[in-house]
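Please take a moment to look at the sequence and the three-dimensional picture together before reading on.

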Amino acid sequence: MNSLFQAVSVLTILAAFSVSLLAADSAKLIETIQAVNKKGAGHAEAVKAVQQLQAMGASTAIPILKAMDNANPLASNWLQGAFESVADQALRANELSAKDLEGFVLDRTHNGRARKLAFDWLTKVDKTAEERMIPNMLDDPSSPLRREAVAQVIQTAEKAKSDDEKEFLYRKALTGAVDRDQVDKIASSLKKLGQTVDLVEQFGFLTAWHVIGPFDNTDMKAFNVAYPPEKEIDLKATYDGKAGKVEWKQYLSDAKDGEFDLAELTEPHKGAIDYAITEFNSPSGQEVEFRLATANAWKLWVNGELVFAREEYHRGMRFDQYIVRGSIKEGKNTFLLKVCQNEQDQDWAQRWAFQFRIVDESGRAVTQAE
Amino acid sequence: MPSRTLQLLCVLSLLNSSLFADWRGFRGSANNGLPEETVKNWDGEQEIAWQSDLPGRGLSSPIIVGDRIFVTCSSGSLQDRLHVLCFSSKDGNKIWQRDFWATGRTVTNPTTCVAAPSPASDGKHIFAFYSSNDLVCLDLDGNLKWFRGLTYDCPNVSNSLGMASSALSVGDKVVVLLETDDESFAAGIDAKTGETSWRIDRPERANWTSPAPSSDGKHVLMQSSKGVSAVDVATGEEVWNYADGAATQPSPVVVDDVAYIASHGLTAIRPGKSNTSVPEIVWQASNINPAVASPIAYDGNVYVINSSGVMVAVTQKDGERLWQSRLQGKFSASPVMAGGKLVALNQDGTSIVVDPANKGDIISRLELNETMLGTPAVGSDGIYFRSDNHLFKVSVD
């Protein structure tokens with residue numbers, strides 16, 4: 001009996017040791033994958049690591065998901081691929097733990113996309129998960145999970161019998177909606193009920209700007225010419241423009257879609273550049289996305305720092321056409337836009353306009369402090 | 001495992017793979033619209049064998065490796081969810097699906113979407129490529145090998161209308177052609193590691209054509225608004241350059257040492273003899289104008305579809321017009337060849353089988369009743385079509 005006890009003890013210790021070894025090994029492999037970066041950096045090591053990680057079994061599933069909390073967008077995709085491979089093998093072997101996945105999904109401190117990934121695989125082993133969990137996610141910080149909750153409320157609203165109930169449900173859906181297609185669907189349904197949705201407020205478009213111009217952009221040669229507004233911001237100054245003296249003037253767009261139409265608000269100059277500047281009072285310092293739409297070449301400075309430049313003319317103007325990651329500070333921030341118009345004469349090449357907004361990492365509009 | 005059993009499995013495996021003809025990229029394994037193996041005895045009649053649901057949109061071509069069909073899609077409000085799916089060619093059952101998130105821009109013209117470029121394969125791996133310029137390498141069982149974000153690397157490599165140039169698997173490289181109004185380049189990516197083997201600057205003008213290999217696989221032809229360059233697959237060095245301009249949507253087709261390109265109508269060029277850096281113009285036919293669909297060459301002739309939906313046949317030898325056939329509709333998908341017949345798919349989802357041996361007579365039409373912009377894939381016993389919602393197999397045996 002004593003020797004049997006000793007044997008069991010040894011086996012238990014060995015098993016525990018091998019589990020901890022496995023955990024240590026997988027942690028090292030995950031770290032190697034997290035080190036992947038731009039232009040193929042870290043690939044040589046990560047290619048071997050991801051191959052090994054995908055062969056280590058179901059126990060690595062949750063550690064991989066957790067690693068997505070601290071991964072850049074490239075490494076996050078590597079980890080997502082590794083997770084799906086591991087989860088697929090576990091699913092086929094009947095070893096995918098619904099309990100572990102649900103625990104991960106419910107922890108709102110984890111990365112929103114990782115939680116959505118865990119949820120997608122949870123629904124393969126627990127058919128009740130969607131019905132149980134999604135209704136509680138209308139305020140979820142995970143954008144893709146919240147999107148599913150919004151879709152569910154919209155669906156319920158469509159089936160509601162009374163207009164009052166429909167209106168209540170569409171308004172409820174609107175509290176979680178940030179995606180253009182869902183907001184449009186809700187706004188359109190509410191319109192049929194005689195209700196309006198303020199899209200400028202919903203999406204957080206900035207519509208009040210000071211504008212100066214036109215400066216010369218004949219032959220598209222001035223994209224990289226630094227006119228005075230790039231060197232100093234003095235809203236009382238006057239400068240030499242393309243056709244005489246120019247000065248800053250304040251404009252407020254009342255377009256329902258938040259478009260700031262330079263051609264309409266000022267004049268439809270060709271071969272010209274306008275600068276537009278606005279201030280934004282942020283309640284806190286935070287990582288954000290600057291989302292811009294324009295058919296014109298443009299540059300954006302945030303608090304005096306150039307954050308992006310794009311020399312492309314008339315390839316269309318679409319909602320959230322450009323998404324630029326950056327940060328804003330607590331208190332006053334300044335956004336300066338350079339918007340360049342060329343001299344194409346086709347009907348479809350006359351737009352000289354932009355839409356601009358700021359969103360947080362979940363896609364929700366960042367609003368100004370009072 | 002006993003060695004005899006192992007041997008038997010190997011033989012069965014070889015036998016199994018030999019039963020299937022691959023279609024490994026945009027316009028097939030040789031990127032010319034021709035299947036690896038000619039379907040015999042197909043009368044041109046079309047019948048749907050099965051259809052399977054897809055989770056998102058796509059203009060990319062399905063590709064075939066062995067008995068598996070691989071398809072890419074994109075979904076979500078911002079089209080930033082990227083999907084790779086694997087189906088059984090036998091019954092359309094989904095074998096696996098892998099999802100990723102775009103790291104580059106996902107905005108496109110509404111007609112197109114992020115899953116516009118076609119994936120490619122070297123027979124062992126799938127190289128899924130997207131308008132966001134994300135490039136994913138998976139093995140045939142869906143295990144990740146590597147992931148690159150080429151716009152994440154270079155944020156100005158993008159196009160507000162969307163990108164569409166397909167990935168090309170050639171030798172030990174995956175070649176990508178990224179031409180935009182701003183930063184533009186082409187790259188040879190190491191298929192094993194995803195690292196950049198070479199990178200060359202390209203014209204800063206939006207372009208949607210796909211690279212095409214030379215017949216010997218040593219060079220890649222890159223067509224842009226400026227013309228066509230032949231580039232060494234191993235080094236990225238330019239071998240020759242045709243600098244007389246070319247179209248930015250239909251891709252070149254290569255037969256032996258001659259490339260047929262949409263330039264000044266249709267132009268046939270081949271590597272120069274006296275000056276090897278400048279190709280020789282074999283002929284030009286200014287009245288033959290490929291629209292979006294790429295030309296296809298077969299059995300001594302070249303076939304193009306113009307902007308009026310008319311298929312025109314000319315001789316490969318001198319560009320002499322042979323016949324024309326009104327197909328009806330607009331064409332985004334490139335025509336392919338199956339069983340000696342041309343298959344053209346219009347944007348309304350009508351698959352039209354054309355008899356090239358009988359002055360372009362139309363043998364059959366199959367209404368798939370969904371918008372279709374992706375080029376079909378031709379396998380041993382079926383043609384695969386994809387829409388934004390479904391993958392179809394049409395029997396050809």
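The paragraphs below go through helix pairs, then backbone details, and then pockets and cavities.

This is a predicted model, in which local features need pLDDT of at least 70 and side-chain atom pairs count only at pLDDT 80 or more, while totals for chains, interfaces and linings use all residues. Residues are numbered from 1 along each chain as its sequence is written, chains are lettered from A and ligands numbered from 1 in the order in which they are written, and side-chain values use heavy atoms, with hydrogens and water left out.

Two packed helices are described by the angle between their axes and the distance between the axes. Here, axes are lines fitted to C-alpha atoms, for helices over the stretch in contact, and angles run from 0 to 180 degrees between N-to-C directions. The helices (H or I, at least four residues) and strands (E, at least two) are DSSP runs, numbered from the N terminus.

In chain A, helix α2 (residues 43-53) and helix α4 (residues 73-92) have axes that come within 10 Å and cross at roughly 20°. This angle makes α2(A) roughly parallel to α4(A), given that angles under 35 degrees count as roughly parallel, over 145 as roughly antiparallel, 65 to 115 as roughly perpendicular and the rest as oblique. The crossing in which α2(A) passes α4(A) is right-handed; a crossing is left-handed if the near helix is turned anticlockwise from the far one by less than a right angle, and right-handed if clockwise. Which residues meet where α2(A) and α4(A) are in contact? From α2(A) come H43(A), A46(A), V47(A), V50(A) and L53(A), and these meet W78(A), A82(A) and V86(A) in α4(A), where contact means heavy atoms within 4.5 Å. By class, this contact of α2(A) with α4(A) has 7 nonpolar, 1 polar and no charged residues, with Ala, Val, Leu, Ile, Met, Phe, Trp, Tyr, Cys and Pro counting as nonpolar, Asp, Glu, Lys and Arg as charged, and the others, Gly among them, as polar.

Helix α4(A) also packs with helix α6 (residues 112-125) of chain A, and the two axes come within 11 Å and cross at roughly 10°. The helices α4(A) and α6(A) are therefore roughly parallel to each other. On the α4(A) side the contact includes Q80(A), F83(A) and E84(A), and on the α6(A) side it includes L117(A), W121(A) and K124(A). The contact of α4(A) with α6(A) has 6 nonpolar, 1 polar and 3 charged residues.

Further along chain A, the axes of helix α9 (residues 163-176) and helix α10 (residues 180-192) come within 10 Å and cross at roughly 155°. That angle makes α9(A) roughly antiparallel to α10(A), and the crossing of α9(A) and α10(A) is left-handed. Their contact is made by E167(A), Y170(A), R171(A), A173(A) and L174(A) of α9(A) together with V183(A), I186(A), S189(A) and L190(A) of α10(A).

Two details of the backbone are also found in chain A. A cis peptide bond, with omega about 5°, joins G213(A) and P214(A), and P214(A) is found in strand β1 (residues 208-216) of chain A. K39(A), which lies in the loop between α1 (2-34) and α2 of chain A, is a residue other than glycine with a positive phi, near 55°.

What of the spaces within the model? On a 1 Å grid over the protein atoms alone, a cavity is a set of points where a 1.4 Å probe fits but cannot get out, and a pocket is an open set with protein on both sides within 12 Å along at least five of seven lines; lining residues have an atom within 4 Å of a point. The second largest pocket holds about 760 Å³ of space, and of the 35 residues that line it, the closest to its centre are L59(B), Q249(B), V292(B), S332(B) and L373(B). A volume is the space filled by probe spheres set on the points, and grid points are joined across faces, edges and corners. The lining of this second largest pocket has 12 nonpolar, 22 polar and 1 charged residues.

A search of the whole structure finds 2 cavities of 30 Å³ or more. The largest cavity has about 60 Å³ of space, and its lining includes F20(B), I64(B) and D381(B). The second largest cavity has about 30 Å³ of space, and helix α8 (residues 143-159) of chain A gives the most to its lining, with 3 residues.
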